[in-house]
Amino acid sequence: MTAEFNTAPCCLIVDDEPRLRQVLVHLMRSDGFACLEAGNGEEALAHLERQPVTLVMSDLRMPKMDGLEMLRRVRGRWPDTAVVMITAVSDVEVAVSCLAIGAMDYLTKPFHLEEVRARVAQALEKRRLVIENRGYHESLQEKVAVQARRLEELFLASVQSLAEALEVKDPYTRGHSIRVSHYSMVIARELGLEGELLRQIELGGHVHDIGKIGVREEVLNKPGKLTDAEYEHIMTHPVVGWRILAPLLGETPAALNIVRSHHERYDGRGVPDRLAGDLIPLEARIAAVADSFDAMTSDRPYRPDGMTLEASVGELVRCSGTQFDPSVVAAMVSAVEGGRVALVPRATSYVGVASAATASPTR
Ligand SMILES: [Fe+2]
């Protein structure tokens, strides 16, 4: 490569007529371009492989590889290279279709040199704008991505502080939400769920009991059986949680569904909306099984010893079709049998509110 190519923008002239190439080379050199020549599309691509080219001026009809095919390849591999097609008047229709493929402009033979200058200047200005626009777009996307990450961090921080406030109030809650989130993910994966829904299920598990922040402490931590009034009070937590989180979780509706509907029952006898069967969002049916499973396998204020894994699974199966969605229970059973459920040690156990009588709704 000569020194000329290190400083000047490079123009590649592609034409099978050497005389025409010479005219254009002369013109472009006098306008400060370093010039390369090619007799057909193949030769042109070989030049492009070797060095960056700012502008290609190419004939349409050439042997080996014509201008149209060359244009397609240039657009695909060197999008920053501007291409101006040169064509006979009879090929104007083809030349216009070149614009659709991405040529910056076209010239019809015979052309005046001033016309070439004007078209080249326009093509380069277009190229500059396209590149600038892309750069702007990319930096904008980057800024938006940074802000989105920041917003998510702030959002998670506020959810976290709510969760911490609940833990202070109800020490048994510590760990429960994390475990419910974990078991919910295990079940969801077993059911073949993935991507964004999985992410929302994880989040929903973390925050599903946040509404207990509105439950009186003496009720929340009461050892032994609850009165009907106390039970009713504690079971307001799905709606309370839903009200707290609705403004925050607008973008993650599945997580919000878990908060509101994790105490619905498959037979329609749950709270708060008495939804039945498939009317209960799948993510909430999953969280319901995960919630009860953790409640059974963990220590509770009213039942200091958790049940064994086998006994807990037995309870889930017994309540399949009444309290729980059979397909969700089947997924949990399959995960347990496949060794994909690691029981979290009781030392880290919870746990607010699942009922001592395991078949009845958790509390
Ligand atoms: Fe709950």
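Predicted model: local features only at pLDDT ≥ 70, side-chain atom pairs only at ≥ 80, totals over all residues.
Pro272 sits in the loop between helix 12 and helix 13 (282-297), helices (H or I, at least four residues) and strands (E, at least two) being DSSP runs numbered from the N terminus. Residues are numbered from 1 along each chain as its sequence is written.

Lys109 and Pro110 are joined by a cis peptide bond, omega being about -5°, and Pro110 belongs to the loop between strand 5 and helix 6 (113-169). Lys64, in the loop between strand 3 and helix 4 (67-77), has a phi near 65°, a positive value in a residue other than glycine. Lys64 counts as exposed, with 12 C-beta neighbours inside 10 Å. As background, most residues other than glycine have a negative phi, and most peptide bonds are trans.

Now for the overall make-up. The protein contains 15 helices and five strands, and 39% of its 363 residues are buried. Of the contacts with a separation of 6 or more, 65% are between residues 24 or more positions apart; a contact here means that the C-beta atoms of two residues, placed from the backbone, lie within 7 Å.

Five strands form an open sheet in the order 2-1-3-4-5, with parallel pairing, where two strands pair if DSSP finds at least two bridges between them. Strand 2 (34-38) and strand 5 (105-109) are the edge strands, each pairing on one side only. Neighbouring strands in this sheet are turned by 20° against each other on average, direction ignored. Strand 3 (residues 55-59) and strand 4 (residues 82-88) run parallel and are joined by five bridges; Met57 stands opposite Val84 in strand 4. Helix 2 (residues 18-30) lies across strand 1 (10-14), strand 2 and strand 3, at about 165° to strand 2. Axes are lines fitted to C-alpha atoms, for helices over the stretch in contact, and angles run from 0 to 180 degrees between N-to-C directions.

As for helix packing, helix 11 (residues 237-245) and helix 12 (residues 253-261) pack at about 150°, with axes 7 Å apart. Helix 11 and helix 12 are therefore roughly antiparallel, given that angles under 35 degrees count as roughly parallel, over 145 as roughly antiparallel, 65 to 115 as roughly perpendicular and the rest as oblique. Contributors to the contact include Trp242 and Leu245 of helix 11 and Leu256 and Val259 of helix 12.

Finally, helix 13: 15 of its 16 residues are buried, so helix 13 is largely enclosed by the rest of the structure.

Terms used: Buried ≥ 20, exposed ≤ 12 C-beta atoms within 10 Å, placed from the backbone.
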